Amino acid sequence: MSLARAEPTMPEEHYLNSERGLWSWLTTQDHKRVGVMFLVAVLLMFLLGGCYALALRLELLTPEETVMGRLAYNRAFTVHGVVMVWLFLIPSIPTAFGNFLLPLMIGARDVAFPRLNLASFYLYVLGAALTLWAMLQGGVDTGWTFYTPYSTATGTDVMPVLLGVFVVGFSTIITGLNFITTVHTMRAPGVGWMRLPLFVWAIYGTSIIQVLATPVLGMVLVLVALERVAGVGLFDPARGGDPLLYQHLFWFYSHPAVYIMILPGMGVISEAVSVFSRKNPFSYRVLVWSTVGIAFVGFLTWGHHMFVSGQSTFGAGAFSVLSMLVAIFTALKIFTWLSTMYRGSIWVCTPFVYVLGFIFLLFFGGMSGVAVAVTSADLHWHDTYFVVAHFHFIMVGASLMAFLGALHYWFPKMFGRRYPEGLGVGTAVLIIFGFIATFLPQFLLGNQGMPRRYADYPEHFQPLHVASTAGASLLGFGFLIVAIYLGWALLHGAAAGRNPWESRGFEWYSASPPPESNFHEPPAFPHGPHDYARPGIEPEVGHAL
Amino acid sequence: MPSDGAARPVVAQARHFGDEAARQGAAHMGMWVFLASEVMLFTALFTSYALYRLAYPQVFHQGPHHMDVTLGTLNTYVLVTSSVLVALAIASIRAGRELAAGGLLAGAAVLGVAFLSLKGLEYAHHARDGALPGAHYAYAKFAIPGASLYFTLYWVMTGVHAVHVTVGVGALSVLAFRTLEGRFSAAYHTPLELGGMYWHLVDLVWLFLWPLLYLV
């Protein structure tokens, strides 16, 4: 199949050129522009976090000091973690693609609260600025988890980072609140709950986690800040406080945060599998209810971060079992995606390669997750590179595959242009290979006992570290190629036409790029969101501007 | 969220489909979701309270004896009364009595300030006694292990609540001013209802803090 049948022209007026000038962007209330601004911001953060990742891998190339000392290393992995987790992985897909696509997918003209949406962007920028300012002031060496009592005692400048993450948390809550309300109240007539696109379901589930979990993080950050400023003593054993309380409250947010990172990705994959297999999802309902299931069970698993912290045996066992429940819902999704592909008319293009990468990394990362959820095994792997490899497979590997898949799948919709398909496929393969080469050796390292967060290590670990660093270089090279060809495509790519993938998704009903305000009047979508069973029915698109 | 202008039909530049009722529905829904997230914010503090109450039962049993129950109870009355005034203000604006609604809102805001003042008075007493949180705790009358944690929780919980009261007083004042300006009417008063919902939450949180810290 080729892209040749797509309509070749671009609409004359669309959201990118309806108003001109920087000011019109900075004051926009158009969800698409806010989405694009978020996309630019999270990509910048990804670049920054990625540079630090490469620096860390470079340092670990030799057993002794390579490019930085131990203190610098502690600060570098803190920046890497803080930037990647709080400023890239958590906001990336919901804020960039959720903002852009959610209203288009439910036939709305915008999100429910456009001004709050813009405010959410500025809060994100403010939080990021505060965090990065602290980094420039000399950096922080607590790691991205800010564990007490170290974070309350270290002499580095933790306060601005706590404040920055707190502010970014506000941005997350507002975005989630906006999405929940939008899905509830702004759907076009006929878009019932069981006719919602799967990406919308995923964003909806994610938003519920964001709204309910983020305030707990906000509060615990405030408490750590008070501990530093006023010595309130809630987490200080010397004053009768309990450092474990910090871990409970922190992971009550931060474990569900993993699902904030992965659920939107699952939504992207559900969309893309269906489109590029030219088949209805094997079971729409299973995909929906497993999303709800993950969002719910995700709240009950935080204690698996604390198996070695002195938790009761019963508590550890309960959290172990609850953690494994997530694997059941995830497996339901994976089986559904594979069944969707089975006997489908598969179109191997760039987003689909990322789909395959996502499924593999999610499966591998998920299975290693079940392994570390076993309390006895976790005692062996705790705080080793095994855990580092596990969470990178899930949080980074899978989320990033979904992010790149989404970027390539919706690029024609967002910018109205096509990118070189061959280069896209080749780079996707390179990135997947680079990723596996980076993190597979880390499972082996961890299993052999290499602890995380150390700049130096015994010499016999070096071959695996070299392999990992080589993989990271491939990965970095892959991202560079993506940046180059997408940048080129933005300016010189051929016009994509309304629906280059011949998708049945609702977002493809409007022009590419979509006009300002999306639709003149509520659109009537003539079929379900993933209805490939009756391909003869090509809907009227007269309701799109 | 429609926040300006009096009752008005859906105009051409409206960004959304649907009528004013639909937008009101969205605004209410958004507020409920926000309140849910606020509840979770306080849940982190209530969880900490529960944990330390389990760890230091004796401290939490004796703690309320060192509180000024009179001031705390007075504050409860003040806050509940202000909540009633807000409810009456909403009823008034629904019935089209803008002047009454504005006055009632202003009254509620004044009671909010009264609450903060009483709280400040109480804080001053504690500070004079040396009943300060954590490292600064120097209250000789209550010096058993864990006592500083009780006061730490007291300061943090009531402090976070006081921040919410302050925000609420600001919101009620703006709403009262705008109501008296004639910006709201029986046909359009969504911001008033949202402000009211927020104020009721602030009130409700205090109704949990008061027994936990002063009575039981």
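## Where chains B and A meet, and what lies inside

Between chain B and chain A there are six residue pairs in polar contact, both residues at pLDDT 80 or more. A polar contact here is a pair of N or O atoms within 3.5 Å; within protein, one must be able to donate a hydrogen and the other to accept it, and residues adjacent in sequence count only if both atoms are side-chain atoms. This is a predicted model, in which local features need pLDDT of at least 70 and side-chain atom pairs count only at pLDDT 80 or more, while totals for chains, interfaces and linings use all residues. Residues are numbered from 1 along each chain as its sequence is written, chains are lettered from A and ligands numbered from 1 in the order in which they are written, and side-chain values use heavy atoms, with hydrogens and water left out.

Let us stay with the interface. On the side of chain B that touches chain A, the elements giving two or more residues are α1 (20-55) and α5 (147-181) of chain B; helices are DSSP runs (H or I, at least four residues), numbered from the N terminus. The largest share of that side, 16 residues, comes from α1(B). By class, the side has 22 nonpolar, 10 polar and one charged residues. In total, 33 residues of chain B are in contact (heavy atoms within 4.5 Å) with 43 residues of chain A.

Next come some backbone features of chain A. Most residues other than glycine have a negative phi, and most peptide bonds are trans.

Finally, which residues line the largest cavity? They are A:F38, A:I90, A:P91, A:T95, A:Y124, A:V168, A:S171, A:T172 and A:Q210. A cavity is a set of points on a 1 Å grid over the protein atoms alone where a 1.4 Å probe fits but cannot get out, and lining residues have an atom within 4 Å of a point. Helix α7 (residues 158-185) of chain A gives the largest share of this lining, three residues.

Note on methods
On a 1 Å grid over the protein atoms alone, a cavity is a set of points where a 1.4 Å probe fits but cannot get out, and a pocket is an open set with protein on both sides within 12 Å along at least five of seven lines; lining residues have an atom within 4 Å of a point. Ala, Val, Leu, Ile, Met, Phe, Trp, Tyr, Cys and Pro count as nonpolar, Asp, Glu, Lys and Arg as charged, and the others, Gly among them, as polar.
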